[in-house]
Amino acid sequence: MNQSWESHHQSGHNSGVIHSGIYYKPGSLKAKLCVQGAALCYEYCDQKGIPYKRCGKLIVAVEQDEIPRLKALYERGLQNNVRDLKLIGAKEIKAKEPFCRGLMALDSPHTGIVNYKQVAQSYAEDFQEAGGTIFTDFEVTNMEMAKESSSESEDGKAVGEEIYCQHIVTCAGLYSDRLSEISGCSPEPRIVPFRGDYLVLKPEKCYMVKGNIYPVPNPRFPFLGFHFTPRMDGSVWLGPNAVLAFKREGYRLFDFSTGDFLDAVTYSGLWKLVLRNLSYGLGEMYRACFLSAQVKQLQKFIPEVTINDVLRGPSGVRAQALDTDGNLVDDFVFDGGSGDIGSRVLHVRNAPSPAATSSLAIAKMIADEVKRRFEL
């Protein structure tokens, strides 16, 4: 890994939600692995003594035209075998979330929260106890077949540390496309980084939120929208938005990398996505700049929230895979290639949310695929 500790990027900057598997297309890897992964996540946390809260989630319709979409989401959740889902009315919403207003909601009682930094650290300890070695601050710059003199470059100078192995599995998040290209495999789908900025409720206002409160997703737009997320430390995160990041590890507004920026804006798929979602994108940029615009979104669900109740909070960067037609790659993607190197590599190309929830189920699937692909 090219960072100095585990979960330094996506795993350590996510919302901490253990998703139940409602949103995802029936039959997709996301749907299957999220439902399996949530159960495995709770089981793992119990085994390891990692604290979590099964605080539930309400997906709330605040407008009449959202109710048909909410009911369709309920049917999708049932198809995905999500347990104990039910539709509830305004009175039941108030009983569960006293400060939340809504016409109807989808109640998901098995949605939870956990600190994924702790989970990732525990995974690392498991790996090391099983005999694995973790190299930190170790950026992968090349992959090549071993030669007799491979410990030295062709001009005889040392080229730093090298790792020898028979097969490689990559899961590089924001750099998954670049590692694939290094290995001689396809650079598609490309990774385009989107920064998500959160607000946080002031500590004295956190009583207004008990569990996760989410909007009904609009299929015309690519992201879920603003939501309320309680955290294990008692804080409450609000958001996130979704704006193009000008650096793949750009967690701050003015973080900039010329290479990453040019890589994104010269990709035709990004421009097709932008032109299809121009009004949405401009709205996200406006809300990123003006706190009052973000609070207005939150007031649709909890009218009592004011601009004086919130502070700017942390940010994360989503490694979003994008195809050449400008479509967000929605499902998990795993692939390899051909040739001496490509045939020895399995790439995890796209693992956005709910990948943290699904991580143990994904790991099992990868292990099975490694055995099959490499005939181990």
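Does Asn81 count as buried or exposed, and at what relative accessibility? At 59% relative accessibility, Asn81 counts as exposed, where buried means under 20% relative accessible area, exposed over 50% and partly exposed in between (1.4 Å probe, protein chains only).

The structure is a predicted model, in which local features need pLDDT of at least 70 and side-chain atom pairs count only at pLDDT 80 or more, while totals for chains, interfaces and linings use all residues. Residues are numbered from 1 along each chain as its sequence is written, and side-chain values use heavy atoms, with hydrogens and water left out.

The protein chain contains twelve helices and 15 strands; helices (H or I, at least four residues) and strands (E, at least two) are DSSP runs, numbered from the N terminus. The C-alpha trace spans about 75 × 45 × 35 Å along its principal axes. Of the 376 residues, 45% are buried. Contact means heavy atoms within 4.5 Å. Among contacts with a separation of 6 or more, 74% are between residues 24 or more positions apart.

Helix 2 covers residues 29-48, 20 residues in number. The buried residues of helix 2 include Leu33, Cys41, Tyr42 and Cys45. The elements that cover the buried residues of this helix include strand 1 (17-18), strand 2 (52-53), strand 6, helix 5 (116-129) and helix 12 (355-374). Just after helix 2, Gly49 takes a positive phi of about 70 degrees.

His110 is located in the loop between strand 5 (104-108) and strand 6 (112-114). With a relative accessible area of 18%, His110 is buried. Leaving aside residues up to four places away in sequence, His110 touches Ile18, Tyr42, Arg54, Arg83 and Asp84.

Most residues other than glycine have a negative phi, and most peptide bonds are trans. Asn81, in the loop between helix 3 (67-79) and strand 4 (86-89), is not a glycine but has a positive phi of about 65 degrees. Glu375, in the segment after helix 12, is likewise not a glycine and has a positive phi of about 55 degrees. Glu375 is exposed, with a relative accessible area of 72%. The peptide bond from Glu188 to Pro189 is cis, with omega near 0 degrees, and Pro189 lies in the loop between helix 6 (176-182) and strand 8 (190-201). Ser353 and Pro354 are also joined by a cis peptide bond, with omega about 15 degrees.

Notes. Expected span 1.5 Å × (residues − 1).
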